[in-house]
Each structure stands twice: as C-alpha cells, then as structure tokens.
Amino acid sequence: MAHDYEKSKSIALKTILLLAFITVIEVIIALLGKGYIIKGFHAPVMLIGLVMIGLSLFKAVKIIFEFMHMSYEVPAFAKSVLLPMGLLVWAVIAFMQEGNSWKERREFVNDKNKGIEEVQQEEEPKQTGSLIKELDESDFQ
Amino acid sequence: MATETATHHDTDQHDHHDQHVDMTTADWDGGAPVFKASYGKLMMWYFLLSDAFTFAGFLIAYGALRFSSPSWPVPDFVFRLFPFAGDTVLPLIFVTVMTFVLLFSSYTMVRAVQEGHRENQRGVAVWMFLTIIGGAAFLGCQAWEWATLIGKEKMTVTKNPFGTHVENGVYLNADGTNSDEVFEVGASYLMHHISHHAHGDDHGGEGDHAGGHAYEVGEEYTEAVIDDRGLIHRKYLVTSGPDQGIVKTESYGPKAFGGLFFFITGFHGFHVFSGVVFLIIIFVNVMSGLYVKRKNGYEMVEKIGLYWHFVDLVWVFVFLVFYLL
C-alpha cells in the first residue's frame, strides 16, 4: 500500500511536469509561428495548427488517463466515455473546415454582385446634389 | 414414470433459466457496481460527458464563425497585456500564466485524492485548500482579463474594437498629410477610446494627431472619426488593391468575437466558480471528519476531483482554439 502510494505520487508529479512542459512548447510554437521570436519568420498556419492540435490532444489524454484515473477503469466504461468525446473533437475540427467553405462561397457571391453593381452604375449615373430648397424670408414677400 | 421424468426435466430447465436471468442482471440488481465503479463516480463521468457536449457546441460555433469571417482578431494581439505592465506588449504571456495556475491546482487535487485513498484527513485538507487557492487565483486572473477587455478596450458582446487591415495603407496626420505609420495587409489594430488616446497606442510608431486637440464624441476630424461610444476610428490612405488612393476609416472588427469570447470563457469561468464552491463545501466536510466515518477512501473528494480535472481539460481546448490557433 505504501509502495503504491509512493508510485502514484511520482506518476502525478511526472505528469504535471510533462503537461507544463508541453504548454510552454505550445506557446513557443504559437509565438514562433507568428514571427515574435525570429523577426520576419512566419510558419505555415496549417502546419502550426496540426502540431498544436496534436499536442493539445496529448495533454487531454494525459489528464484523462492519469489525473482522472481512466486507465484504471474497466475498458468498456472507458470506451463509453472516450468514443463520444473523440467524435466531439472531430466535430470541432470539421466545422472549422465548414466555416472556411462558407467564407469562400460568400466571397464568390460578393464578387459576382460587385460585377452586377458596376454595370448598373454605368447605366444610370448617381444623382448628386439636393432638390430641397431651404426657404428664407424673401420667399414670403 | 414418464410424467416424473418430464416434471424433473421441467424443473431442471426452470432452474437453468433462473440462473441465466441471474447472470444477465447480476450487474444491475444492486449487488455489484456496474463497470466496477461506484454509482456516484460513474454518474459524475456521464455528467462530464454531457458537459463536454455543451462546450463542444460552443467551440464548434467559434470555429465555424471564425473561419467563415474574412478576417479575425489575432489572439496574440488581443491578449498582449499583463497586469501592472502598462502597455508593454507581452503576447499570450498572461494567459499562459493562467494555464499554469489551473494546471497547478489540478496537481494539488490529484494529491488530495491520493491522500484520501490512504485515509489521511490532514493531507486531504491541506491539498484541497491549495486547490481552492488555485481556483480562486484563476478566477482572479480571468476577472482582470475581462475587466481589461470591457473597461479599457471597450469590447462588448456585439461591438469588437479589434480589427484587421485588408489593404496596405498609411495613417493620416492631423493636417491631412501621410504620417510615418505604414501598415500592411493583415496588420491588427485596436480602436482606442478617447480617454486612453493620450497614453500611446499599438499602431507601431506614435507621432500622429500632433495638434494635441481633445477629441469630442460624435465629431469628425481630418485624421479620425469619433463614434458615439467615444472610440477613435482613424483615417488612412489605401496604398494597394482596387481602392488605391481612397481615404478610408477604421471599422469595427468581426462582431461575433466579443460574444464568443464572453460566452465561452464565461461558461468555463462559471464552471471554475462552481467548482470552487463545491471544493469549499467538501473541504468543510473533510475538516469536520464526515468522510472519516464513511470509510470509503474519501470518495467524495475523488468525485469533485473528476469535476476539477474536467475543468482543466476543457481549458486545454479553450486555450488551444481561442489563444493558440
């Protein structure tokens, strides 16, 4: 029992140090990718994104399996929780892609509309000036 | 003889049937815990799963809206301030500190659960106390972050003063000439409030509005327009693209940013807050010796521990999509 306690104590310490280390790495990568560390250096967004998602998932797995003791539960139970959670992560990533597609379609429609507007402007020139005359005293005499 | 055999056979089958029923319901008749875990722990896990669905809904909304916007405020520009550091640019450093605070409180929670397993009341109390401190510190950090965004930078649920330039350009001076502040496509800007415009800003160099006149709400000047909320929309000359040579005014950034930020970090903060409240209740119970009598290895501490780690787990993803990407 005492041996078990010492062992789990050291596992917890190792896990927290690993998590802290990964967090520091993530922040360094984020700042490096955006040109804060080496002036003028910008890494491809896609690559940085994938590395970051990978590292965060690794952190999540460590928290679930070590801190929340999922690795000591019955496998069927672990699956019943982890499978839906995994699908959620996929959904978040999939909807980023979906949003990007909305943007492209909107830009496509905007470009088309712009073309139509230019044609209309050529046909009827914009009215300038105002027809409303402000009345002053001389108008009533 | 024949009937006897038949009867015997019947009962035999009946017994067998009973046994069969016993085996399939054995896990559910209250005799043995399902999945070899206690009811409370199991249900805490499924509650957390349902909570994960809510957070995933928020993050899906964030991801879809962010990537469908032509531009989005750059996180390392929005979250660049640090308490007591004035206007020094420290991108993402404060939010990293917040992450460390939460990670640390997760570690102290693990230690509390471990001390609970060996029925060490004093150990549980000490580590739980540290966890409460960690949770409260995180809430304090978040309060500062919100106060800065709302009070200083004038972010609201529908108005977002952080924008991104979509053309190259140069800001105008008070006399209408070009200033030395040149920017490129993708550069971020923050529209300052008139009350802050005296202490420098984040557009790179300073040296604009040299006239030193005080801005009035709702007025238009040669180099800026002040809207009815008192935010300064600076004017700039476009130097690239189809609108080259036209003078434009800075506009608000994507509308959804403020709402998403306040609702996602607010919902997470609410979880941290309720977590702290439950931690305090269980801490009081630990001190009173309630769990000593139960002799179940401080299972209540283990359950609140699950919740607390989940809050940390969600933060990993909020940190990822909101601050890192």
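Guide: Two strands count as paired if DSSP finds at least two bridges between them. The model discussed here is predicted.

Visitor: What makes S2(B) and S3(B) a pair?

Guide: Strand S2 (residues 169-172) of chain B is joined to strand S3 (residues 178-183) of chain B by three bridges. The requirement is at least two, so S2(B) and S3(B) are paired. The two strands run antiparallel, and B:Leu172 stands opposite B:Asn178 in S3(B).

Visitor: What lies between S2(B) and S3(B)?

Guide: Five residues lie between the strands, which form a hairpin. In the turn, B:Gly176 has a positive phi of about 90°.

Visitor: How do you know that S2(B) also pairs with S6(B)?

Guide: Three bridges link S2(B) to strand S6 (residues 232-238) of chain B, and the definition asks for at least two, so this counts as a pair. The sense is antiparallel. Opposite B:Tyr171 is B:Tyr236 in S6(B), and opposite B:Val170 is B:Leu237 in S6(B).

Visitor: Which strand is joined to S6(B) in a hairpin, and what is found there?

Guide: The hairpin is that of S5(B) and S6(B), with five residues between the strands. B:Gly230 takes a positive phi near 85° in this hairpin. Strand S5 (residues 224-226) of chain B runs antiparallel to S6(B) and is joined to it by three bridges. B:Val225 has B:His233 in S6(B) as its bridge partner.

Visitor: What makes S6(B) and S7(B) a pair?

Guide: Three bridges again, between S6(B) and strand S7 (residues 247-249) of chain B, in an antiparallel arrangement. At least two are needed, so S6(B) and S7(B) are paired. B:Leu237 stands opposite B:Val247 in S7(B); B:Leu237 also stands opposite B:Val170.

Visitor: Turning to helices, why are H4(B) and H8(B) called roughly antiparallel?

Guide: Their axes cross at roughly 160° and come within 9 Å. Angles over 145 degrees count as roughly antiparallel, and H4(B) and H8(B) are therefore described that way. Their crossing is left-handed.

Visitor: Why is H2(B) called roughly parallel to H8(B)?

Guide: The two helices pack at an angle of about 15°, with their axes 10 Å apart. An angle under 35 degrees counts as roughly parallel, which makes H2(B) roughly parallel to H8(B). The crossing of H2(B) and H8(B) is right-handed.

Visitor: Which residues meet where H2(B) packs on H8(B)?

Guide: Among them are B:Met44, B:Trp45, B:Leu48, B:Phe55 and B:Leu59 in H2(B), and B:Leu306, B:Tyr307, B:Phe310, B:Val314 and B:Phe317 in H8(B). The contact of H2(B) with H8(B) divides into 12 nonpolar, two polar and five charged residues.

Visitor: Which elements of chain B contribute to the contact with chain A?

Guide: The contact takes 40 residues from chain B and 41 residues from chain A. On the side of chain B, the elements giving two or more residues are helix H2 (39-68), helix H4 (93-117) and helix H8 (299-324). H2(B) gives the most, with 13 residues. The residues on this side of chain B divide into 26 nonpolar, eight polar and six charged.

Visitor: What is the make-up of chain A?

Guide: Chain A has three helices and zero strands, and along the sequence its pattern reads α-α-α. Of its 141 residues, 15% count as buried. Among contacts in chain A between residues at least 6 apart in sequence, 47% join residues at least 24 apart.

Visitor: Back in chain B, why is B:Lys152 called partly exposed?

Guide: B:Lys152 has 14 C-beta neighbours inside 10 Å. A residue is buried at 20 or more and exposed at 12 or fewer; the count of 14 lies in between, so B:Lys152 is classed as partly exposed. B:Lys152 is found in helix H5 (residues 121-152) of chain B.

Definitions and conventions
Residues are numbered from 1 along each chain as its sequence is written. Chains are lettered from A and ligands numbered from 1 in the order in which they are written. This is a predicted model: local features need pLDDT of at least 70, side-chain atom pairs count only at pLDDT 80 or more; totals for chains, interfaces and linings use all residues. Two residues are in contact if their C-beta atoms, placed from the backbone, lie within 7 Å. Helices (H or I, at least four residues) and strands (E, at least two) are DSSP runs, numbered from the N terminus. Ala, Val, Leu, Ile, Met, Phe, Trp, Tyr, Cys and Pro count as nonpolar, Asp, Glu, Lys and Arg as charged, and the others, Gly among them, as polar. Axes are lines fitted to C-alpha atoms, for helices over the stretch in contact, and angles run from 0 to 180 degrees between N-to-C directions. Angles under 35 degrees count as roughly parallel, over 145 as roughly antiparallel, 65 to 115 as roughly perpendicular and the rest as oblique. A crossing is left-handed if the near helix is turned anticlockwise from the far one by less than a right angle, and right-handed if clockwise.
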